[in-house]
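The following exercises are to be worked with the sequence and the structure side by side, and each is followed by a solution in steps.

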Amino acid sequence: MDLDRLRNAAQQFVLYTDAMLAAAEQGRWEELLVVFSAREEQMALMITEAGETVLKQLPDLLDPFRDALRKNQRIELMMAARRDELGEDLSSVQQERRLRMTYR
């Protein structure tokens with residue numbers, strides 16, 4: 001892969017991470033999933049073309065990638081909290097359904 005194409009993929013990955021964080025913060029979960037898929041395509045491209053040497057080939061992107069990692073950790077925390085909320089909602093709905101079935 002030429003270096004310009006690799007740089008473009010890496011920069012797109014960082015931008016997609018920013019977009020994912022914005023979507024998570026605003027509770028736009030469907031949008032987050034769409035952007036996640038696009039980001040995964042960039043990651044696959046970087047891995048296929050450069051493997052673990054991406055940052056060796058593009059050392060100027062080390063700080064943006066560190067920042068993306070921190071943002072990704074924040075996204076994961078928000079997603080875990082959302083998953084827990086949905087789990088509680090589902091549990092309440094199931095419990096309510098069982099009660100209705102019992103009293104019919």
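**Exercise 1.** With the side chain of which residue does the side chain of Arg39 make a polar contact?

*Solution.* This is a predicted model, in which local features need pLDDT of at least 70 and side-chain atom pairs count only at pLDDT 80 or more, while totals for chains, interfaces and linings use all residues. Residues are numbered from 1 along each chain as its sequence is written, and side-chain values use heavy atoms, with hydrogens and water left out.

Begin by locating Arg39, which lies in helix 2 (residues 29-50), helices being DSSP runs of H or I with at least four residues, numbered from the N terminus. Next, look for a pair of N or O atoms within 3.5 Å, one able to donate a hydrogen and the other to accept it; the partner is the side chain of Asn72, at 3.0 Å.

**Exercise 2.** Determine which side chain of opposite charge is nearest to Arg39.

*Solution.* The nearest is Glu40, 4.3 Å away. Arg39 has no salt bridge, a term that requires a side-chain nitrogen of Lys or Arg within 4 Å of a carboxyl oxygen of Asp or Glu. Finally, leaving out residues up to four places away in sequence, Arg39 touches Phe13, Tyr16, Thr17, Met20 and Asn72, where contact means heavy atoms within 4.5 Å.

**Exercise 3.** Identify the residue that caps the N-terminal end of helix 1.

*Solution.* Helix 1 spans residues 3-25. The cap is Asp2, with a side-chain oxygen 3.0 Å from the backbone nitrogen of Asp4.

Definitions and conventions: Helix = DSSP H or I, 4+ residues; strand = E, 2+ residues; numbered from the N terminus. Expected span 1.5 Å × (residues − 1). Buried < 20%, exposed > 50% of the residue type's maximum accessible area, 1.4 Å probe, protein only. Lys, Arg positive; Asp, Glu negative; His and termini not counted.
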